[in-house]
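Biologist: I would like to learn how to read a structure, feature by feature. Could you take me through one slowly?

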Amino acid sequence: MASDAELWRGTDYGWWLAADTSGAVGASLIAFAVPLMMLATTGSSAAATTTESICVVVQAVLGLAGGVIQDRYDRRTLMLIWGASGVVLSAVAAAAVMLFGNAPKTSGHGVNGANAPAFGGPYAHVLPIALLCIVVLFSVRDGLLENTSNAMLRGVVPDEQLPHAMALNDARDSTVTLAGGPLGGLLMTVGHAMPFLTSAVLSVLSMVSAWRIRRYWKRATVDDSGHSGNADDAADDAIDVSGAITAAPRWRDALDGMIWLLHDRFQRHLIIAATMVTGASNAFLLLTALDISQGGSQLISAGFINAASAVGMLLGALMASQLVNRVPGGVLVGVMFALLAVGFTGAALVPSMVGKAIFVACSVLALPAGNAVLGGFSNTLVGKDKLGRVGAGSMVLQYGAYGVAVALAGWGMQTIGYGPTCLILATVLVAAAAYALTMRSLITLPTPNRWAEHIQRWSIAQF
(Lines give C-alpha, C1' and ligand atoms only; values in the text may rest on other atoms or scores of the structure.)
Protein backbone atom coordinates (compact mmCIF):
# COMPACT_ATOMS: atom_id res chain seq x y z
CA MET A 1 0.00 0.00 0.00
CA ALA A 2 1.26 3.51 -0.83
CA SER A 3 2.29 5.77 2.01
CA ASP A 4 0.34 8.66 3.48
CA ALA A 5 2.84 11.04 1.89
CA GLU A 6 1.93 9.72 -1.56
CA LEU A 7 -1.76 10.20 -0.83
CA TRP A 8 -1.40 13.78 0.40
CA ARG A 9 1.44 15.05 -1.80
CA GLY A 10 1.07 12.79 -4.79
CA THR A 11 -2.62 13.56 -5.40
CA ASP A 12 -5.12 16.40 -4.94
CA TYR A 13 -6.86 14.45 -2.20
CA GLY A 14 -6.18 17.28 0.27
CA TRP A 15 -8.10 19.83 -1.80
CA TRP A 16 -10.86 17.29 -2.43
CA LEU A 17 -11.12 16.61 1.30
CA ALA A 18 -11.23 20.33 2.11
CA ALA A 19 -14.02 20.91 -0.42
CA ASP A 20 -16.02 17.90 0.73
CA THR A 21 -15.52 18.70 4.43
CA SER A 22 -16.66 22.30 4.10
CA GLY A 23 -19.84 21.16 2.41
CA ALA A 24 -20.37 18.40 4.98
CA VAL A 25 -20.09 20.78 7.94
CA GLY A 26 -22.52 23.24 6.36
CA ALA A 27 -25.00 20.46 5.61
CA SER A 28 -24.75 19.13 9.18
CA LEU A 29 -25.59 22.55 10.62
CA ILE A 30 -28.69 22.84 8.48
CA ALA A 31 -29.72 19.24 9.16
CA PHE A 32 -29.47 19.93 12.90
CA ALA A 33 -31.25 23.29 12.89
CA VAL A 34 -34.25 22.65 10.64
CA PRO A 35 -35.97 19.80 12.57
CA LEU A 36 -35.62 21.72 15.85
CA MET A 37 -37.05 24.87 14.26
CA MET A 38 -39.96 22.92 12.81
CA LEU A 39 -40.60 21.31 16.19
CA ALA A 40 -40.48 24.67 17.97
CA THR A 41 -42.79 26.44 15.53
CA THR A 42 -45.36 23.65 15.11
CA GLY A 43 -45.15 21.79 18.41
CA SER A 44 -45.32 18.49 16.52
CA SER A 45 -42.58 15.86 16.31
CA ALA A 46 -44.47 14.32 13.39
CA ALA A 47 -44.22 17.62 11.48
CA ALA A 48 -40.47 17.75 12.12
CA THR A 49 -39.84 14.19 10.95
CA THR A 50 -42.26 14.49 8.02
CA THR A 51 -40.29 17.51 6.78
CA GLU A 52 -37.13 15.45 6.96
CA SER A 53 -38.85 12.58 5.16
CA ILE A 54 -40.09 14.81 2.32
CA CYS A 55 -36.61 16.21 1.79
CA VAL A 56 -35.02 12.77 1.77
CA VAL A 57 -37.51 11.47 -0.80
CA VAL A 58 -36.99 14.50 -3.07
CA GLN A 59 -33.22 14.09 -2.84
CA ALA A 60 -33.37 10.37 -3.51
CA VAL A 61 -35.65 10.61 -6.55
CA LEU A 62 -33.67 13.44 -8.15
CA GLY A 63 -30.50 11.52 -7.38
CA LEU A 64 -31.26 9.30 -10.37
CA ALA A 65 -30.97 12.28 -12.71
CA GLY A 66 -28.02 13.49 -10.67
CA GLY A 67 -26.14 10.26 -11.31
CA VAL A 68 -26.39 10.78 -15.07
CA ILE A 69 -25.28 14.40 -14.73
CA GLN A 70 -22.28 13.40 -12.62
CA ASP A 71 -21.23 10.79 -15.19
CA ARG A 72 -21.66 13.07 -18.21
CA TYR A 73 -20.16 16.37 -17.09
CA ASP A 74 -16.92 17.54 -15.51
CA ARG A 75 -17.16 16.72 -11.81
CA ARG A 76 -15.04 19.61 -10.59
CA THR A 77 -17.35 22.05 -12.37
CA LEU A 78 -20.34 20.36 -10.75
CA MET A 79 -18.71 20.70 -7.31
CA LEU A 80 -18.29 24.43 -7.98
CA ILE A 81 -21.97 24.73 -8.94
CA TRP A 82 -22.95 22.79 -5.80
CA GLY A 83 -20.99 25.21 -3.63
CA ALA A 84 -22.38 28.31 -5.35
CA SER A 85 -25.97 27.11 -5.01
CA GLY A 86 -25.26 26.42 -1.33
CA VAL A 87 -24.24 30.03 -0.82
CA VAL A 88 -27.47 31.29 -2.38
CA LEU A 89 -29.83 28.90 -0.60
CA SER A 90 -28.15 29.35 2.79
CA ALA A 91 -28.40 33.12 2.46
CA VAL A 92 -32.10 32.88 1.52
CA ALA A 93 -32.76 30.60 4.49
CA ALA A 94 -31.01 33.01 6.87
CA ALA A 95 -33.05 35.90 5.50
CA ALA A 96 -36.30 33.94 5.94
CA VAL A 97 -35.49 33.12 9.58
CA MET A 98 -34.62 36.75 10.33
CA LEU A 99 -37.76 38.01 8.59
CA PHE A 100 -40.34 35.50 9.82
CA GLY A 101 -38.77 34.18 13.01
CA ASN A 102 -37.90 37.28 14.99
CA ALA A 103 -38.53 36.50 18.64
CA PRO A 104 -38.47 39.07 21.45
CA LYS A 105 -35.27 38.78 23.50
CA THR A 106 -37.24 37.98 26.62
CA SER A 107 -38.99 34.97 25.09
CA GLY A 108 -36.56 32.23 25.97
CA HIS A 109 -39.27 29.58 25.92
CA GLY A 110 -39.96 27.34 23.01
CA VAL A 111 -43.01 25.22 22.39
CA ASN A 112 -41.82 22.24 24.39
CA GLY A 113 -39.16 23.46 26.77
CA ALA A 114 -37.55 26.36 28.50
CA ASN A 115 -34.44 26.25 26.33
CA ALA A 116 -35.90 25.20 22.99
CA PRO A 117 -35.73 27.67 20.07
CA ALA A 118 -38.18 30.55 20.54
CA PHE A 119 -39.88 32.23 17.61
CA GLY A 120 -42.22 35.16 17.73
CA GLY A 121 -43.37 38.19 15.74
CA PRO A 122 -46.37 38.74 13.48
CA TYR A 123 -45.10 36.42 10.74
CA ALA A 124 -43.82 33.53 12.87
CA HIS A 125 -46.58 31.25 11.52
CA VAL A 126 -45.10 31.63 8.04
CA LEU A 127 -41.70 30.29 9.08
CA PRO A 128 -42.54 26.54 8.89
CA ILE A 129 -43.80 26.94 5.31
CA ALA A 130 -40.79 29.03 4.33
CA LEU A 131 -38.40 26.53 5.89
CA LEU A 132 -40.09 23.63 4.15
CA CYS A 133 -39.81 25.33 0.75
CA ILE A 134 -36.15 26.21 1.31
CA VAL A 135 -35.06 22.78 2.52
CA VAL A 136 -36.88 21.16 -0.40
CA LEU A 137 -34.76 23.36 -2.69
CA PHE A 138 -31.70 22.20 -0.78
CA SER A 139 -32.85 18.64 -1.42
CA VAL A 140 -33.22 19.33 -5.15
CA ARG A 141 -29.66 20.66 -5.22
CA ASP A 142 -28.32 17.76 -3.17
CA GLY A 143 -30.13 15.16 -5.24
CA LEU A 144 -28.59 16.49 -8.44
CA LEU A 145 -25.11 17.37 -7.20
CA GLU A 146 -24.23 16.21 -3.67
CA ASN A 147 -22.85 12.81 -4.66
CA THR A 148 -20.47 14.43 -7.15
CA SER A 149 -17.58 14.51 -4.69
CA ASN A 150 -18.02 10.82 -3.85
CA ALA A 151 -18.10 9.95 -7.55
CA MET A 152 -14.98 12.06 -8.06
CA LEU A 153 -12.91 10.45 -5.30
CA ARG A 154 -11.86 7.38 -7.29
CA GLY A 155 -10.57 9.72 -9.99
CA VAL A 156 -8.49 11.64 -7.44
CA VAL A 157 -6.74 8.75 -5.64
CA PRO A 158 -5.44 5.43 -7.04
CA ASP A 159 -7.59 2.34 -6.55
CA GLU A 160 -5.13 0.76 -4.13
CA GLN A 161 -5.45 3.78 -1.84
CA LEU A 162 -9.26 3.89 -1.82
CA PRO A 163 -9.75 1.93 1.43
CA HIS A 164 -7.22 4.15 3.20
CA ALA A 165 -8.78 7.34 1.80
CA MET A 166 -12.26 6.16 2.82
CA ALA A 167 -11.03 5.42 6.33
CA LEU A 168 -9.74 8.99 6.53
CA ASN A 169 -13.10 10.19 5.23
CA ASP A 170 -14.86 8.31 8.02
CA ALA A 171 -12.60 10.02 10.56
CA ARG A 172 -13.55 13.33 8.97
CA ASP A 173 -17.25 12.46 9.01
CA SER A 174 -16.99 11.52 12.66
CA THR A 175 -15.37 14.81 13.52
CA VAL A 176 -18.04 16.72 11.60
CA THR A 177 -20.81 14.82 13.38
CA LEU A 178 -19.10 15.28 16.73
CA ALA A 179 -18.90 19.02 16.26
CA GLY A 180 -22.04 19.52 14.17
CA GLY A 181 -24.69 19.03 16.86
CA PRO A 182 -23.05 21.09 19.64
CA LEU A 183 -21.90 23.74 17.16
CA GLY A 184 -25.38 23.95 15.63
CA GLY A 185 -26.90 24.34 19.09
CA LEU A 186 -24.35 26.98 20.04
CA LEU A 187 -24.97 28.95 16.86
CA MET A 188 -28.73 28.82 17.43
CA THR A 189 -28.29 30.29 20.90
CA VAL A 190 -26.44 33.21 19.29
CA GLY A 191 -29.09 33.69 16.61
CA HIS A 192 -31.59 31.50 14.80
CA ALA A 193 -30.11 32.44 11.43
CA MET A 194 -26.52 31.71 12.41
CA PRO A 195 -26.44 28.05 11.23
CA PHE A 196 -27.51 29.18 7.76
CA LEU A 197 -25.08 32.10 7.64
CA THR A 198 -22.25 29.81 8.69
CA SER A 199 -23.29 27.32 6.03
CA ALA A 200 -23.06 30.07 3.41
CA VAL A 201 -19.48 30.85 4.43
CA LEU A 202 -18.56 27.15 4.37
CA SER A 203 -20.04 26.84 0.88
CA VAL A 204 -17.66 29.56 -0.28
CA LEU A 205 -14.73 27.60 1.22
CA SER A 206 -15.96 24.50 -0.57
CA MET A 207 -15.96 26.35 -3.90
CA VAL A 208 -12.42 27.66 -3.40
CA SER A 209 -11.09 24.22 -2.48
CA ALA A 210 -12.83 22.51 -5.41
CA TRP A 211 -11.37 25.11 -7.77
CA ARG A 212 -7.87 24.10 -6.64
CA ILE A 213 -8.34 20.45 -7.66
CA ARG A 214 -6.29 19.86 -10.79
CA ARG A 215 -5.25 16.19 -10.85
CA TYR A 216 -8.37 14.11 -11.33
CA TRP A 217 -9.97 11.73 -13.82
CA LYS A 218 -11.79 13.63 -16.56
CA ARG A 219 -14.45 12.08 -18.70
CA ALA A 220 -13.66 12.11 -22.42
CA THR A 221 -16.24 12.78 -25.09
CA VAL A 222 -19.39 10.64 -25.10
CA ASP A 223 -20.80 9.29 -28.32
CA ASP A 224 -24.46 8.92 -29.13
CA SER A 225 -24.66 5.45 -27.63
CA GLY A 226 -23.58 6.83 -24.27
CA HIS A 227 -20.16 5.14 -24.35
CA SER A 228 -17.02 6.89 -23.14
CA GLY A 229 -14.39 7.82 -25.68
CA ASN A 230 -11.67 7.38 -23.06
CA ALA A 231 -9.53 4.46 -24.18
CA ASP A 232 -8.39 3.72 -20.65
CA ASP A 233 -11.96 3.04 -19.60
CA ALA A 234 -13.24 1.36 -22.74
CA ALA A 235 -13.35 -1.98 -21.01
CA ASP A 236 -15.49 -0.48 -18.26
CA ASP A 237 -18.23 0.51 -20.69
CA ALA A 238 -19.61 -3.04 -20.88
CA ILE A 239 -22.04 -3.91 -18.12
CA ASP A 240 -21.31 -7.43 -16.92
CA VAL A 241 -24.59 -8.74 -15.52
CA SER A 242 -24.93 -11.98 -17.47
CA GLY A 243 -25.94 -10.14 -20.61
CA ALA A 244 -29.05 -8.65 -19.05
CA ILE A 245 -28.02 -5.09 -19.88
CA THR A 246 -26.13 -3.88 -22.93
CA ALA A 247 -25.85 -0.46 -24.51
CA ALA A 248 -29.00 1.03 -23.02
CA PRO A 249 -30.67 4.07 -24.57
CA ARG A 250 -30.15 7.37 -22.80
CA TRP A 251 -33.55 7.41 -21.14
CA ARG A 252 -32.48 4.33 -19.20
CA ASP A 253 -29.13 5.75 -18.13
CA ALA A 254 -30.60 7.13 -14.92
CA LEU A 255 -31.71 3.64 -13.87
CA ASP A 256 -28.57 1.75 -14.91
CA GLY A 257 -26.89 2.04 -11.52
CA MET A 258 -29.94 0.89 -9.58
CA ILE A 259 -30.58 -1.98 -12.02
CA TRP A 260 -27.02 -3.18 -11.59
CA LEU A 261 -27.27 -2.98 -7.79
CA LEU A 262 -30.47 -5.02 -7.77
CA HIS A 263 -29.61 -7.52 -10.50
CA ASP A 264 -26.52 -9.19 -9.05
CA ARG A 265 -27.14 -11.34 -5.96
CA PHE A 266 -24.11 -9.96 -4.10
CA GLN A 267 -25.07 -6.32 -4.65
CA ARG A 268 -28.76 -6.95 -4.00
CA HIS A 269 -28.12 -8.74 -0.71
CA LEU A 270 -25.73 -6.02 0.45
CA ILE A 271 -27.93 -3.06 -0.53
CA ILE A 272 -30.94 -4.50 1.30
CA ALA A 273 -28.92 -4.82 4.52
CA ALA A 274 -27.47 -1.33 4.02
CA THR A 275 -30.88 0.28 3.51
CA MET A 276 -32.19 -1.30 6.70
CA VAL A 277 -29.19 -0.03 8.68
CA THR A 278 -29.31 3.47 7.17
CA GLY A 279 -33.02 3.93 7.77
CA ALA A 280 -33.25 2.50 11.28
CA SER A 281 -30.04 3.91 12.78
CA ASN A 282 -30.49 7.46 11.51
CA ALA A 283 -34.16 7.53 12.49
CA PHE A 284 -33.13 6.39 15.98
CA LEU A 285 -30.61 9.25 16.29
CA LEU A 286 -33.07 11.85 15.01
CA LEU A 287 -35.83 10.75 17.38
CA THR A 288 -33.42 10.92 20.30
CA ALA A 289 -32.41 14.49 19.42
CA LEU A 290 -36.09 15.47 19.19
CA ASP A 291 -36.86 13.73 22.48
CA ILE A 292 -34.12 15.68 24.24
CA SER A 293 -35.37 18.92 22.70
CA GLN A 294 -38.96 18.19 23.75
CA GLY A 295 -37.77 17.56 27.29
CA GLY A 296 -36.59 21.16 27.61
CA SER A 297 -32.87 20.42 27.62
CA GLN A 298 -30.26 22.81 26.28
CA LEU A 299 -30.07 23.00 22.50
CA ILE A 300 -26.42 21.96 22.65
CA SER A 301 -27.51 18.76 24.44
CA ALA A 302 -29.83 17.84 21.56
CA GLY A 303 -26.76 16.71 19.64
CA PHE A 304 -25.51 14.58 22.54
CA ILE A 305 -26.31 11.17 21.06
CA ASN A 306 -24.98 12.20 17.66
CA ALA A 307 -21.80 13.36 19.39
CA ALA A 308 -21.50 10.00 21.17
CA SER A 309 -21.89 8.27 17.81
CA ALA A 310 -19.18 10.51 16.37
CA VAL A 311 -16.78 9.68 19.22
CA GLY A 312 -17.21 5.97 18.51
CA MET A 313 -16.74 6.56 14.78
CA LEU A 314 -13.62 8.65 15.38
CA LEU A 315 -12.06 5.99 17.60
CA GLY A 316 -12.90 3.35 15.01
CA ALA A 317 -11.54 5.47 12.17
CA LEU A 318 -8.18 5.82 13.93
CA MET A 319 -7.79 2.04 13.67
CA ALA A 320 -9.52 1.49 10.34
CA SER A 321 -6.68 2.42 7.97
CA GLN A 322 -4.43 -0.15 9.66
CA LEU A 323 -7.06 -2.87 9.95
CA VAL A 324 -8.30 -2.92 6.34
CA ASN A 325 -4.96 -4.15 5.02
CA ARG A 326 -4.31 -6.68 7.79
CA VAL A 327 -7.70 -8.19 8.70
CA PRO A 328 -9.92 -9.99 6.16
CA GLY A 329 -12.64 -7.64 4.97
CA GLY A 330 -15.41 -10.12 5.70
CA VAL A 331 -14.42 -10.22 9.36
CA LEU A 332 -14.50 -6.43 9.62
CA VAL A 333 -17.87 -6.23 7.86
CA GLY A 334 -19.33 -9.00 10.03
CA VAL A 335 -18.19 -7.30 13.23
CA MET A 336 -19.63 -4.02 11.95
CA PHE A 337 -23.13 -5.45 11.45
CA ALA A 338 -23.04 -7.35 14.74
CA LEU A 339 -21.97 -4.33 16.79
CA LEU A 340 -24.64 -2.14 15.19
CA ALA A 341 -27.33 -4.64 16.14
CA VAL A 342 -26.14 -5.15 19.72
CA GLY A 343 -25.32 -1.51 20.38
CA PHE A 344 -28.59 0.01 19.19
CA THR A 345 -30.60 -2.69 20.94
CA GLY A 346 -28.84 -1.80 24.19
CA ALA A 347 -29.42 1.89 23.54
CA ALA A 348 -33.13 1.24 23.05
CA LEU A 349 -33.41 -0.72 26.29
CA VAL A 350 -31.46 1.42 28.76
CA PRO A 351 -33.43 4.36 30.21
CA SER A 352 -30.60 6.83 30.94
CA MET A 353 -29.24 9.15 28.25
CA VAL A 354 -25.67 8.40 29.33
CA GLY A 355 -26.30 4.69 28.93
CA LYS A 356 -27.77 5.24 25.46
CA ALA A 357 -24.74 7.30 24.49
CA ILE A 358 -22.31 4.58 25.60
CA PHE A 359 -24.16 1.87 23.67
CA VAL A 360 -24.39 4.02 20.54
CA ALA A 361 -20.67 4.89 20.73
CA CYS A 362 -19.77 1.19 21.01
CA SER A 363 -22.15 0.21 18.22
CA VAL A 364 -20.26 2.22 15.58
CA LEU A 365 -16.69 1.34 16.54
CA ALA A 366 -16.34 -1.05 13.60
CA LEU A 367 -18.32 1.12 11.15
CA PRO A 368 -15.32 3.03 9.67
CA ALA A 369 -13.41 -0.16 8.93
CA GLY A 370 -16.49 -1.88 7.53
CA ASN A 371 -17.35 1.13 5.39
CA ALA A 372 -13.77 1.36 4.11
CA VAL A 373 -13.87 -2.29 3.05
CA LEU A 374 -17.30 -2.13 1.42
CA GLY A 375 -16.70 1.28 -0.16
CA GLY A 376 -13.32 0.35 -1.56
CA PHE A 377 -14.48 -3.05 -2.80
CA SER A 378 -17.64 -1.68 -4.42
CA ASN A 379 -15.72 1.13 -6.13
CA THR A 380 -13.34 -1.32 -7.75
CA LEU A 381 -16.32 -3.08 -9.32
CA VAL A 382 -17.51 0.09 -11.07
CA GLY A 383 -15.97 1.98 -14.00
CA LYS A 384 -14.98 5.58 -13.29
CA ASP A 385 -17.53 6.85 -15.80
CA LYS A 386 -20.39 5.04 -14.04
CA LEU A 387 -19.77 5.90 -10.39
CA GLY A 388 -22.34 8.70 -10.45
CA ARG A 389 -25.17 6.42 -11.54
CA VAL A 390 -24.25 3.67 -9.10
CA GLY A 391 -23.98 6.21 -6.28
CA ALA A 392 -27.37 7.60 -7.29
CA GLY A 393 -28.96 4.17 -7.30
CA SER A 394 -27.56 3.44 -3.86
CA MET A 395 -28.71 6.83 -2.61
CA VAL A 396 -32.27 6.31 -3.86
CA LEU A 397 -32.55 2.99 -2.08
CA GLN A 398 -30.88 4.03 1.18
CA TYR A 399 -32.37 7.51 1.40
CA GLY A 400 -35.73 6.11 0.43
CA ALA A 401 -35.50 3.69 3.34
CA TYR A 402 -34.44 6.54 5.61
CA GLY A 403 -37.34 8.72 4.47
CA VAL A 404 -39.84 5.97 5.17
CA ALA A 405 -38.22 5.12 8.51
CA VAL A 406 -38.19 8.74 9.66
CA ALA A 407 -41.82 9.32 8.69
CA LEU A 408 -43.02 6.16 10.42
CA ALA A 409 -40.79 6.78 13.46
CA GLY A 410 -42.14 10.31 13.87
CA TRP A 411 -45.72 9.08 13.92
CA GLY A 412 -44.71 6.20 16.16
CA MET A 413 -43.11 8.57 18.64
CA GLN A 414 -46.27 10.64 18.72
CA THR A 415 -48.59 7.65 19.17
CA ILE A 416 -46.82 4.87 21.08
CA GLY A 417 -43.96 6.91 22.50
CA TYR A 418 -40.22 7.35 22.09
CA GLY A 419 -39.12 4.13 23.87
CA PRO A 420 -41.24 1.56 22.00
CA THR A 421 -40.48 3.22 18.67
CA CYS A 422 -36.73 3.03 19.26
CA LEU A 423 -37.04 -0.63 20.24
CA ILE A 424 -38.75 -1.35 16.92
CA LEU A 425 -35.92 0.43 15.08
CA ALA A 426 -33.35 -1.63 16.99
CA THR A 427 -35.17 -4.81 15.94
CA VAL A 428 -34.77 -3.76 12.30
CA LEU A 429 -31.01 -3.47 12.86
CA VAL A 430 -30.90 -6.98 14.34
CA ALA A 431 -32.72 -8.30 11.26
CA ALA A 432 -30.26 -6.46 8.97
CA ALA A 433 -27.28 -8.01 10.73
CA ALA A 434 -28.79 -11.51 10.51
CA TYR A 435 -29.50 -10.99 6.82
CA ALA A 436 -25.97 -9.76 6.01
CA LEU A 437 -24.17 -12.44 8.00
CA THR A 438 -25.86 -15.22 6.00
CA MET A 439 -24.06 -14.09 2.85
CA ARG A 440 -20.93 -16.23 2.42
CA SER A 441 -19.47 -14.15 -0.42
CA LEU A 442 -19.54 -11.17 1.97
CA ILE A 443 -18.21 -12.71 5.17
CA THR A 444 -15.37 -14.45 3.29
CA LEU A 445 -14.16 -11.20 1.71
CA PRO A 446 -10.33 -11.15 1.99
CA THR A 447 -7.84 -8.28 2.34
CA PRO A 448 -7.67 -5.79 -0.60
CA ASN A 449 -4.67 -7.47 -2.26
CA ARG A 450 -6.85 -10.55 -2.91
CA TRP A 451 -10.04 -8.84 -4.05
CA ALA A 452 -9.53 -9.72 -7.72
CA GLU A 453 -9.35 -13.42 -6.83
CA HIS A 454 -12.48 -13.10 -4.66
CA ILE A 455 -14.43 -11.43 -7.48
CA GLN A 456 -13.63 -14.32 -9.81
CA ARG A 457 -14.32 -17.00 -7.20
CA TRP A 458 -17.82 -15.75 -6.44
CA SER A 459 -18.60 -14.43 -9.97
CA ILE A 460 -19.41 -10.98 -8.62
CA ALA A 461 -20.71 -8.69 -11.36
CA GLN A 462 -18.75 -5.65 -12.52
CA PHE A 463 -20.23 -2.52 -14.04
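Biologist: How many Å should the 19 residues of helix α5 span, and what separates its end C-alpha atoms?

Modeller: The expected span of a helix is 1.5 Å times one less than its number of residues, so the 19 residues of helix α5 (residues 127-145) should span 27 Å, and the end C-alpha atoms are 27 Å apart, which agrees. Please keep in mind that this is a predicted model, in which local features need pLDDT of at least 70 and side-chain atom pairs count only at pLDDT 80 or more, while totals for chains, interfaces and linings use all residues. Residues are numbered from 1 along each chain as its sequence is written, and side-chain values use heavy atoms, with hydrogens and water left out.

Biologist: How many helices and strands are there in the chain?

Modeller: Helices (H or I, at least four residues) and strands (E, at least two) are DSSP runs, numbered from the N terminus. The chain has 18 helices and zero strands.

Biologist: Which residues of α5 are buried, and which elements do they pack against?

Modeller: Buried means under 20% relative accessible area, exposed means over 50%, and partly exposed is in between, using a 1.4 Å probe and protein chains only. In α5 the buried residues include L127, P128, L131, F138 and R141, and the buried residues of this helix pack against α2 (13-42), α3 (45-72), α4 (75-100), α6 (148-153), α8 (194-211) and α15. Over the whole chain of 463 residues, 56% count as buried.

Biologist: Is V136 buried or partly exposed, and which residues is V136 in contact with?

Modeller: V136 lies in helix α5 and is partly exposed, because its relative accessible area is 23%. Contact means heavy atoms within 4.5 Å; leaving aside neighbours within four places in sequence, V136 is in contact with I54, C55 and V58. The C-alpha atoms of V136 and E52 are separated by 9.3 Å, although these residues are 84 residues apart along the chain.

Biologist: Where is T51 found, and is T51 buried or exposed?

Modeller: T51 is found in helix α3, and T51 counts as buried because its relative accessibility is 6%. Apart from neighbours within four places in sequence, T51 is in contact with M38, L132 and V135.

Biologist: What can be said about I213, which lies in a loop?

Modeller: I213 lies in the loop between α8 and α9 (253-263), and I213 counts as buried because its relative accessibility is 0%. I213 and W16 are 197 residues apart in sequence, yet 6.6 Å apart in space, C-alpha to C-alpha. With neighbours within four places in sequence left aside, I213 is in contact with D12, W15, W16, R76 and M152. For the chain, 83% of contacts between residues at least 6 apart in sequence join residues at least 24 apart.

Biologist: Which residues lie nearest the centre of the second largest pocket, and which element gives the largest share of its lining?

Modeller: On a 1 Å grid over the protein atoms alone, a pocket is an open set of points where a 1.4 Å probe fits, with protein on both sides within 12 Å along at least five of seven lines, and lining residues have an atom within 4 Å of a point. The second largest pocket is lined by 15 residues, of which A405, L408, I424, L425 and V428 lie nearest its centre. The elements that give two or more residues to this lining are α10 (265-294), α15 (387-415) and α16 (418-437), and the largest share, six residues, comes from α15.
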